[in-house]
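Here is a brisk tour of one chain.

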Amino acid sequence: MIGKIKTINKIIDTGVVAVVRAENSEQAEKVSRACINGGVSAIEITYTVPGATEVISSLKDTFSDEELIVGAGTVLDSETARTAILAGAQYIVSPSFDLDTCKLCNRYQIPYMPGCMTITEMVTAMEAGADIIKVFPGSAFGPSFIKAIKGPLPHAVLMPTGGVSLENVDEWIKNGCVAVGVGGKLTAGAKNGNYKLITETAKKFVEKVKEARND
């Protein structure tokens with residue numbers, strides 16, 4: 001297993017985390033493969049997916065660390081986090097901040113990305129040792145909110161999830177986000193079995209992030 005710093009760096013290098021919500025484990029694996037083929041190597045399997053633990057384990061067995069870094073999403077408590085880590089999850093993402101989960105991730109040197117919306121939540125999470133703050137739901141305020149956060153917290157490491165699209169991903173990056181989490185705007189093709197569309201969309205997201213960083 002690659003170390004904590006390498007995991008964080010790989011997420012930042014690509015700049016995109018694919019948030020995979022699926023109806024079953026088979027669909028989740030197909031979506032993950034399509035994202036990987038499009039250059040998105042960071043896959044977040046949410047715990048709303050039936051058999052999420054098994055999907056994480058299967059992906060870990062199927063792909064090398066160079067091809068894929070798999071994380072667990074919608075993790076609400078430390079018990080679920082530990083289960084995911086034992087299955088091979090290399091980072092943990094939550095919709096909210098949970099201190100016990102943060103402590104557990106720090107104990108095992110696994111990056112933790114809690115969902116926060118207010119400055120108070122962000123500072124609390126940062127003080128506890130959260131590695132990346134997931135600005136969630138990003139759709140509530142939009143990319144301009146990042147500039148507002150960066151005013152008092154210029155050192156905050158931010159990644160929005162929710163409200164990120166091909167049309168605005170450059171704004172999120174230019175305003176100071178190290179990466180973005182993308183769900184339905186990336187994986188919509190799965191609804192009708194169009195996994196090629198997911199691959200094509202993944203390529204577009206990766207390219208737009210690169211362009212935004214180079215501007």
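## Helix packing

Helices α4 and α5 pack with their axes 8 Å apart, at an angle of about 30 degrees. That angle is under 35 degrees, so α4 counts as roughly parallel to α5. The α4 and α5 crossing is right-handed. The model is predicted.

Helix α4 also packs against α3. Here the helices are α3 (residues 52-62) and α4 (residues 78-87), and their axes are 8 Å apart at about 25 degrees. That makes α3 roughly parallel to α4. The crossing of α3 and α4 is right-handed.

How do α2 and α10 lie relative to each other, parallel or oblique? Their axes come within 7 Å and cross at roughly 40 degrees. The cut-off for roughly parallel is under 35 degrees, so α2 and α10 are oblique to each other. The crossing of α2 and α10 is right-handed.

| Helix pair | Axis separation | Angle | Hand of crossing |
|---|---|---|---|
| α4 and α5 | 8 Å | about 30 degrees | right-handed |
| α3 and α4 | 8 Å | about 25 degrees | right-handed |
| α2 and α10 | within 7 Å | roughly 40 degrees | right-handed |

## The largest pocket

Rolling a probe the size of a water molecule over the atoms shows where empty space is left. In this model, the largest pocket holds about 420 Å³ of space. Its lining has 22 residues, and R21, G183, G184, K185 and T187 are the closest to its centre.

Which elements supply at least two residues each to this lining? They are α2 (25-37), β8 (180-182) and α9 (184-187). Helix α9 gives the largest share, three residues. By class, the lining of the largest pocket has nine polar, eight nonpolar and five charged residues.

## Backbone exceptions

Most residues other than glycine have a negative phi, and most peptide bonds are trans. Several sites here depart from that pattern.

T74 is not a glycine, yet its phi is positive, about 55 degrees. T74 sits in the loop between β3 (69-73) and α4.

Q109 is in the loop between α5 (99-107) and β5 (112-116). Its relative accessibility is 47%, so Q109 counts as partly exposed. The cut-off for exposed is over 50%.

Where is the cis peptide bond? It joins F136 and P137, with omega at about -5 degrees. P137 lies in the loop between β6 (133-135) and α7 (144-150).

V31 belongs to helix α2. V31 has a relative accessible area of 2% and is therefore buried, the cut-off being under 20%. Between V31 and E207 there are 19 Å in space, C-alpha to C-alpha, and 176 residues in sequence. Helix α2 is also one of the elements that line the largest pocket.

F63 lies in the loop between α3 and β3. F63 is buried too, because its relative accessible area is 13%. From F63 to T187 the C-alpha distance is 20 Å, with the two residues 124 apart in sequence. T187 is among the residues closest to the centre of the largest pocket.

E200 lies in helix α10. At 38% relative accessibility, E200 counts as partly exposed. The C-alpha atoms of E200 and F63 are separated by 20 Å, and the residues are 137 apart along the chain.

Is N194 buried or partly exposed? N194 counts as partly exposed, at 33% relative accessibility. N194 sits in the loop between α9 and α10 (195-214). N194 and A34 are 9.6 Å apart in space, C-alpha to C-alpha, although 160 residues separate them in sequence.

Key: Residues numbered from 1 in each chain as written. Predicted model: local features only at pLDDT ≥ 70, side-chain atom pairs only at ≥ 80, totals over all residues. Heavy atoms only, no water. 1 Å grid on protein atoms, 1.4 Å probe; cavity = no way out; pocket = protein on both sides within 12 Å on 5 of 7 lines; lining within 4 Å. Points joined across faces, edges and corners; volume = space filled by probe spheres on them. Helix = DSSP H or I, 4+ residues; strand = E, 2+ residues; numbered from the N terminus. Nonpolar A, V, L, I, M, F, W, Y, C, P; charged D, E, K, R; others polar. Buried < 20%, exposed > 50% of the residue type's maximum accessible area, 1.4 Å probe, protein only. Axes fitted to C-alpha atoms, helices over the stretch in contact; angles between N-to-C directions. Parallel < 35°, antiparallel > 145°, perpendicular 65-115°, else oblique. Left-handed = near helix turned anticlockwise from the far one by under 90°.
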